[in-house]
Amino acid sequence: MCVGKCSRIVGPCLLALGTLSMAANILLLFPGGASKYLAEGHISKHAKVMPGVWGGGVTVLLAAAHITAVGWRCAGCSDCGTRCNAFISAVLSKLALLGAAACFVLSGVGLTNGPLCFYNASEHGTLWGYPFLDARTENYVHNRTWSICLEPAGIVAWNAVLFSLLLLISAAEMVLASLQILNGCLGCLCGFCEGK
């Protein structure tokens with residue numbers, strides 16, 4: 001496959017994934033669509049870090065915009081050469097790879113630790129905390145224990161679905177960014193093969 005054709009496929013895919021990553025992370029800030037928990041500060045620390053916005057979102061979108069432009073040969077440079085643009089796309093893809101990897105790790109930690117919720121701790125009464133942090137993994141996986149969280153309603157499913165989605169999105173972003181790094185290096189060394 002030619003370097004330009006590959007960029008025309010990878011770029012728009014990364015644009016879509018970066019946008020989805022940002023949307024999923026923003027939804028994590030509003031459990032069940034309610035803004036009161038954000039205003040009260042009762043949001044998981046892993047959602048507050050917003051890895052889907054800066055890691056899987058902004059860094060990936062920055063690279064994706066340039067990759068898409070290079071693929072369609074409208075990068076804004078009059079004629080600085082496709083090799084220069086391919087090199088820049090490889091560098092930006094490395095940045096996207098790092099951002100997606102950070103999103104993957106932080107989302108995995110957020111999924112593993114479980115949500116911040118109002119729950120009944122037998123020794124301390126009801127309180128805001130992470131009830132699944134010290135629990136065995138199987139308790140968090142099986143939905144019969146999800147009722148331990150009294151508030152926000154459905155927070156365990158909300159947390160599990162959105163952090164899992166962030167994991168899948170960032171994994172796909174890492175694969176595509178790695179592919180574009182190779183593609184950009186080939187374009188830098190060999191030039192674009194279109195029209196040859």
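Buried means under 20% relative accessible area, exposed means over 50%, and partly exposed lies in between (1.4 Å probe, protein chains only). The model is predicted: local features need pLDDT of at least 70, side-chain atom pairs count only at pLDDT 80 or more, and totals for chains, interfaces and linings use all residues. Residues are numbered from 1 along each chain as its sequence is written, and side-chain values use heavy atoms, with hydrogens and water left out.

**View 1. The disulfide of C117 and C149.** A disulfide is a pair of cysteine sulfur atoms within 2.5 Å. A search of the whole structure finds one. C117 and C149 are joined, S to S 2.1 Å. The link is left-handed, with -60 degrees about the S-S bond. C117 sits in strand β1 (residues 117-121) and C149 in strand β3 (residues 149-151), so the pair ties together parts that are 32 residues apart in sequence. Strands (E, at least two residues) are DSSP runs, numbered from the N terminus.

**View 2. Surroundings of C117 and C149.** C117 is buried, at a relative accessible area of 0%. C149 is buried too, at 11%.

**View 3. C6, a cysteine in no disulfide.** The nearest cysteine sulfur to C6 is that of C13, 9.8 Å away. C6 has 9% relative accessibility, so C6 counts as buried.

**View 4. C13 and its closest cysteine sulfur, in C6.** C13 counts as partly exposed, at 34% relative accessibility.

Terms used: Helices (H or I, at least four residues) and strands (E, at least two) are DSSP runs, numbered from the N terminus.
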